[in-house]
Amino acid sequence: MVSSPHEAMHRIFQEHPDLFSRLSDVLGVNIPQPTSFTVLPNDLTETRPLERRLDTLLRLETEDDEPFLLAIEAQGKKDPNKHASWAYYASYLLNKYRLQPLLLVVCQDRATAEWAAREVSFGPRQWPLLTLRPMVAGPHNMPVITNPAEVRKDLALATLSAITHATNPKAEVILKAMTNVLRDTPAALANPIIELIAQGLGKHPAAEIWRKLVAVDLSFYKSPLSEEIRDEGRAEGETRRAAQDILDVFEVRGIDVPEAVRERITSCDDPETLRRWHRRAIIAPSADEIFTDE
């Protein structure tokens, strides 16, 4: 079952921890190439009853430098309290793991991304105690990938790009390039990506475009989303046939069906209600009599 863009924007790093090394290149930040990755618990709860959780936390090993922690937050809107929370996360992680933390914020709209990218200082103006400087990925700096060849070069990066560009006018072209490549991708790799993009697009109009592309271009896949779409299609087909059966009964019996009655029948999507109306249509003296006691 698909959930929210929030999940997809950070969970992709759990599915593909090595994505960060390519993303840092895209963002123009020189970070040593990690040699291994470990997904760590994201629970930052203290002993007192105050629960704090990061979205995703990774430990990254490198060949040249010491390991570091990558905290990933999916941010859907501006939040004046978030900078203080992020500063707390950084301090807590440094204290708990004795490793240097890095914060990556992933956004879907430019205004939120630019807000998240601001350096924020804590402490008196005359003597700041610390400065928060998140790394940010969003529609303002993520590549717009519409060429299947570019998608094929780095499928995980292309997936994150598609999610961050959920409101881009070229969304359909971006998503079409994804399905073009996913058609030739093994199901074990393609299915999680299909679901991540569905999650990432949330309720944006691009989500419906993606569902249609999955239903047509990727109809052979057995991912949860494609199965959900097929189930919906079968259910819609069954209710349409059931509604038509009721109208056919009236036609055979020579009973006039007012437009309001026809509309109520054809707009009903409950199979049990349609079956009840169908039984009544066989003996009802008029079309609207099938709604008796409704």
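Start the tour at R53, which is partly exposed because its relative accessibility is 40%; here buried means under 20% relative accessible area, exposed over 50%, and partly exposed in between, with a 1.4 Å probe and protein chains only. Before you click on, note that this is a predicted model, where local features need pLDDT of at least 70, side-chain atom pairs count only at pLDDT 80 or more, and totals for chains, interfaces and linings use all residues. Residues are numbered from 1 along each chain as its sequence is written, and side-chain values use heavy atoms, with hydrogens and water left out.

**Stop 1: the partner of R53**

D43 and R53 form a salt bridge, with their closest N and O atoms 3.4 Å apart. A salt bridge is a side-chain nitrogen of Lys or Arg within 4 Å of a carboxyl oxygen of Asp or Glu. Both D43 and R53 sit in the loop between β1 (34-40) and β2 (56-62), 10 residues apart. At 30% relative accessibility, D43 is partly exposed. Helices (H or I, at least four residues) and strands (E, at least two) are DSSP runs, numbered from the N terminus.

**Stop 2: a pair inside one helix**

Next, select R110 and E114. Their side chains meet in a salt bridge, 2.8 Å from N to O. How far apart are R110 and E114 in helix α4? They are 4 residues apart in α4 (residues 110-117), so about one helical turn separates them. R110 is partly exposed at 49%, and E114 is partly exposed too, at 39%.

**Stop 3**

Now pick R22 and D154, whose side chains form a salt bridge of 2.5 Å, N to O. Is D154 buried or exposed? D154 counts as buried, because its relative accessibility is 14%. R22, at 25%, is partly exposed.

While you're here, colour helix α2 (residues 19-26). Its buried residues are L19, F20, S21, L23 and S24. Just after α2, look for G28, which takes a positive phi of about 75°.

**Stop 4: a buried histidine**

Jump to H165, in the loop between α6 (155-164) and α7 (171-182). H165 counts as buried because its relative accessibility is 4%. Which residues does H165 touch? Leaving out residues up to four places away in sequence, H165 touches P139, M142, P143, V144, A171 and I174, where contact means heavy atoms within 4.5 Å.

**Stop 5: two helices packing**

Select α1 (residues 5-15) and α8 (residues 187-201). They pack at an angle of about 150°, with axes 6 Å apart. On the α1 side, P5, E7, A8, R11, I12 and E15 meet L196, Q199, G200 and L201 of α8. By class, that contact has 5 nonpolar, 2 polar and 3 charged residues.

**Last stop: zoom out**

Show the whole chain. You'll find 12 helices and 7 strands, and buried residues make up 45% of the 294 residues.

Conventions: Axes fitted to C-alpha atoms, helices over the stretch in contact; angles between N-to-C directions. Nonpolar A, V, L, I, M, F, W, Y, C, P; charged D, E, K, R; others polar.
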